Amino acid sequence: MTDTERTARAGVPERPSLDGIEETWARRWQEDGTYAFDRAKTTVRGRSAASDAPSPNGRSVDVYAIDTPPPTVSGELHMGHVFSYTHTDVVARFQRMRGRTVFYPMGWDDNGLPTERRVQNVYGVRCDPALPYDPDWQAPEAPVGEAARKDPTPVSRRNFIELCERLTVADEQVFEALWRRLGLSVDWSLTYTTIGAAARAASQRAFLRNLARGEAYQAEAPTLWDVGFATAVAQAELEDRERPGAYHRLRFAGPGGREVLIDTTRPELLPACVALVCHPDDERYADLVGGTARTPVFGVDVPVRAHPLADPAKGTGIAMVCTFGDLTDVTWWRELRLDTRVVIGRDGRLLPEPPAGVPAQPYAALAGQTVNGARRTLVELLADADDLVGEPRPVTHPVKFYERGDRPLEIVSTRQWYLRNGGRDAGLREELLARGGELRWVPEHMRHRYAHWVGGLTGDWLVSRQRFFGVPVPVWYRLDDAGEPDWSQPLTPAESALPIDPSTDAPPGFEESQRGRPGGFVGDPDVLDTWATSSLTPQIVGGWETDPDLFARVFPMDLRPQGQEIIRTWLFSTVVRSHLEHGVLPWRDTVLSGWILDPDRKKMSKSKGNVVTPMALLEQHGSDAVRYWAANGKPGMDLAFDPAQIKVGRRLATKLLNASKFALGLGAADALRAPATEPLDRAMLAELSGVVAAATSALEAYDHTAALQVAEAFFWRFCDDYIELVKERAYGSGPGADSARAALATALSVQLRLFAPVLPYATEEVWSWWRYGSVHRATWPTTYEVERAIQGAGEPELLRLAADALSQVRRAKSERKLSMKAEVPLAEALGPAALLEQLTVVADDVRAAGRIAKLDLLPDRTPELVIACAF
């Protein structure tokens, strides 16, 4: 196909249809590079012409850069994705038509726990890093049965990663097909993955620079641990879930045989007890503070201390501190400088040996048991010793979970990597709060969620994970003569060598043969948290350090669209990385999406099983119809999934085709840019000018819903009223007909562009019938453009008055069950004199449209317009 053929006008089809246009135009857009980012059309601040005006974010105003959310490739896209990504696409299309060179990439977030779990479920395998790589190993046919998932086949880390890569490539192809069908105007040549070489290099480079500046550090500390995934979890990834439990009242022995009663939901942690804690002002236990109490069953003396976090109204008012039952235990342990007695291992079972100072004999009954099993055993031991007071009391209470996990979190002591985020640095915290103040939030109230999160941080960002499919932590450690690693002086690669994998690459100055040997080295076995890479999406796709010219044109970016539930993770972590590395915000604006609700007004989620997948809806109703439904949800506001609303969108797109065909059939295509001279035509265009102003203002404020509503309301008036009023005149000849066709041409051209961001397929189809190029590369309509087509003044109220008169004539015919084409021998117009004087201006169009033989005006007979028809 030649360029001439691609841009030639297609002509009006005999029977316009929405069916099949997605395939046609998606292919054409890709072939023509309609949405390609052309850096040659952009400038860099400080270069080129003096007219290169800087924008508030430090770049030239001719680029609009979007930091697109990379969806997690671990299953199916759902209507929530369609909802939010449509909103972003509307922004991109609007900015492109406003003359900006839009940088609109797409990424796939394919590393991390979700992908690993999907691979385990699909192929029935588990990763065993101790196994050697088997290049001849063949994966089973997927998906496997339930038996294979329950008894997974162990494979080497490299074999496992190859399966992850295979599955994500397949998933990404499915995702891309759906996004193309939906009509996202992304530049697909900019696509990236968070596990790709560029992303790995950027993530490792940023980490190494954090390390060099002292912002990244390693520490042995109590760590939130997901037993199911066998990995550490960061504070931002936690969620509370209500779970049933039971309070057990335990009898401790105080000085002089005094009974000290403790309520706990975790009696299995009794061997990990290191203190009892009460409030400093609680007189009930004041005499115990500074002394000791003896644990039941184990007979271990533990100190009694005071701390303001102890709640006198909770339970008996005195609590046991265990290492570690919850985050409060960690706080008490740290601030009171208590001993450490760890009893739960990384596998979620009690350790085989008791901690120091705990007698082995009673502990032996607990060793190796699961948490639940140990709880049952210890309750029996307490009852046998008569140290369980009363029966356990059922309770429902919040329990910490990893947001993607299905087992309660434990707290174990591990060595991990951390990144400073203000949790323990008041100065940095204030700087990050200030960054949040600089950012434009849509809607504005979402700003408070950011401030609340940053203000409530209790620790730094834990960025290491004990998993396999991720970006490796890019360091090694020297081994001393005894083969023990020197954690204090990690070995690092040169940035030019990135990306690297310490499990297969040797550090500078070492040979592979020295791996694991005394005097040699060992690679860090962990990977970085997936957010540690996703937090660098502006740098990854912007070519940070790899394409300085591109980076200067697109960074800082203009927009971060995302979900409100990940303000604390993705948005905040991206601000942290950009602040530490570049000293600026990564973008100027952020637009937060609401949630999709099911018919019962409940949030759609995979865990609840109430999600709706979009492909069938796209095929049944068309992409424009689904986009119309999505565009009816405002930023930050929840939207119920409503198939009826999708049908309304289909009807709108269909009407756009048919009304356009009718207007073009009247000769509108040849009247573009001709003046509108008749009063009714000028009135319609004057109203349209106001619509353009309102829609433009709304889109500039990221209120696509208001822009759609004002355009849609006018469109239906245009179809139902204006076209009906002028079609008789437009069929004729002479100045009146020329004016009608000119007005129709301007109105059609403007409305196609107003609808183009929401209904890209229908508008492109109509545009191709009579205009050259793509509507999506056309300029956004302006009030000047519309008003230029009006010869003289335009009075919008004339259109409303004429429409009211015609509506009354139609109603009279309908009540008499007459055809709308039936003649009206006589009609009388009653109303205030001033109103009837206005009606005379458009009376010819009203008579023609209503097929009125004679129209008499009777002033001041009624307080409002009344059209009385005689048949």
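A search of the whole structure, which is a predicted model, finds 25 aromatic pairs, where rings of Phe, Tyr and Trp (its six-membered ring) pair if their centres lie within 6.5 Å, and planes under 30 degrees apart count as stacked, over 60 as edge-to-face and the rest as tilted. A pair of aromatic rings is described by the distance of the centres and the angle of the planes. Two of these pairs are set out below.

| Pair | Centre to centre | Angle between planes | Class |
|---|---|---|---|
| Tyr450 and Phe572 | 5.9 Å | 70 degrees | edge-to-face |
| Phe715 and Trp716 | 5.5 Å | 65 degrees | edge-to-face |

The pair of Tyr450 and Phe572 links distant parts of the chain, since Tyr450 belongs to helix H12 (residues 447-455) and Phe572 to helix H16 (residues 567-582), 122 residues apart. Tyr450 and Phe572 are both buried, a word that here stands for under 20% relative accessible area, with exposed over 50% and partly exposed in between (1.4 Å probe, protein chains only). Phe715 and Trp716 are buried too. Elsewhere, Trp29, Tyr35 and Tyr761 are linked into a cluster by ring pairs.

On a 1 Å grid over the protein atoms alone, a pocket is an open set of points where a 1.4 Å probe fits, with protein on both sides within 12 Å along at least five of seven lines, and lining residues have an atom within 4 Å of a point. The lining consists of 47 residues, and Thr265, Arg266, Gly325, Asp326 and His397 lie nearest the centre of the pocket. Among the elements that give two or more residues to this lining are strand S9 (238-253), helix H8 (327-335) and helix H10 (371-384), and S9 contributes the largest share, 7 residues.

Residues are numbered from 1 along each chain as its sequence is written. Local features need pLDDT of at least 70 and side-chain atom pairs count only at pLDDT 80 or more, whereas totals for chains, interfaces and linings use all residues, and side-chain values use heavy atoms, with hydrogens and water left out. Helices (H or I, at least four residues) and strands (E, at least two) are DSSP runs, numbered from the N terminus.
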